Amino acid sequence: MASLDLLHISIADQQLYGFADGHLCLRLPVSTGRNGAGELNGSGCTPRGLHQVRARIGDDLPSGAVLRGRRWTGEVWSGALHDSFPGRDWILTRILWLSGCESGANRMGQVDTFRRYIYIHGTPDCEPMGVPLSHGCIRMRNDDLLKLFPLVPPHCAVRIDEAPCPNWAAAELE
């Protein structure tokens, strides 16, 4: 599969749609912010608008690698590890760190996506997808993230909005 040039994350659908040259290439379930859509620092919301992938982290890590502060802790997620840290916001496997492209809307000041550390990242398989439960990031199944990660080049465009994916795009994969 060719490199993707646009990721569209639909908060309404709780889906990530990957496009290359205007054609839908993949659709994957996600979990966005429990607090809904919003850009304000500290809100726990998923920021809307046009973003880009500013950094790709974890290229050679194993599935389930535990990341803290964007670095591998040396741990690989397991049920026992999960039970040892109840309530922890697990960031696993890979990180696509997003940066806003719209000054005043999702870039700079109190609405800066990059400074809010908003990622597309893996999460434990026991966490549900299709339900907004994150702290603002876009969570994915580790296997889905491993499929997506090599297709996403640095600076890939990422559109996050509340609209469902257009019918024409969803029909392309059927």
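Is Gly-58 buried or exposed? Select Gly-58: at 14% relative accessibility it counts as buried, where buried means under 20% relative accessible area, exposed over 50%, and partly exposed in between (1.4 Å probe, protein chains only). The model is a predicted one, in which local features need pLDDT of at least 70, side-chain atom pairs count only at pLDDT 80 or more, and totals for chains, interfaces and linings use all residues. Residues are numbered from 1 along each chain as its sequence is written, and side-chain values use heavy atoms, with hydrogens and water left out.

**First selection: the loop between β4 and β5**

Gly-58 lies in the loop between β4 (49-57) and β5 (65-68); helices (H or I, at least four residues) and strands (E, at least two) are DSSP runs, numbered from the N terminus. Leaving aside neighbours within four places in sequence, Gly-58 is in contact with Thr-93 and Arg-94, contact meaning heavy atoms within 4.5 Å. Draw a distance from Gly-58 to Thr-32: these residues are 26 apart along the chain, and their C-alpha atoms are separated by 21 Å.

Next select Ser-63, which is placed in the loop between β4 and β5. Ser-63 counts as partly exposed, at 36% relative accessibility. Not counting residues up to four places away in sequence, Ser-63 touches Val-76, Thr-93, Asn-142, Asp-143 and Leu-146. Between Ser-63 and Leu-145 there are 82 residues of separation along the chain, while 9.3 Å separates their C-alpha atoms.

Which residues does UniProt list for "active site"? The unreviewed entry lists His-121 and Cys-137; UniProt positions are given in the numbering used here, feature names are shortened, and annotations may be inferred rather than shown by experiment.

Select His-121, found in strand β8 (residues 119-123). His-121 is buried, with a relative accessible area of 1%. Beyond its neighbours within four places in sequence, the contacts of His-121 include Trp-90, Arg-94, Cys-137, Arg-139 and Leu-145.

Then select Cys-137, in the loop between β8 and β9 (138-141). Cys-137 counts as buried, at 9% relative accessibility. With neighbours within four places in sequence left aside, Cys-137 is in contact with Ser-31, Thr-32, Gly-33, Thr-46, Tyr-117, Ile-118, Tyr-119 and His-121.

Select residues 5-161, where the unreviewed UniProt entry places the feature "domain: L,D-TPase catalytic". This span is 8% helix and 38% strand, and its end C-alpha atoms lie 17 Å apart.

**Final view: the whole protein**

The protein has 3 helices and 10 strands, and along the sequence they follow the pattern β-β-β-β-β-β-α-β-β-β-α-β-α. Its radius of gyration is 15 Å, close to the 16 Å that the globule rule gives for 174 residues, so the protein is as compact as a globular protein of that length; the radius is taken over C-alpha atoms, and the rule is 2.2 Å times the number of residues to the power 0.38. Along the principal axes, the C-alpha atoms fill a box of roughly 45 × 40 × 25 Å. Of the 174 residues, 48% count as buried. Among contacts with a separation of 6 or more, 65% are accounted for by residues 24 or more positions apart.
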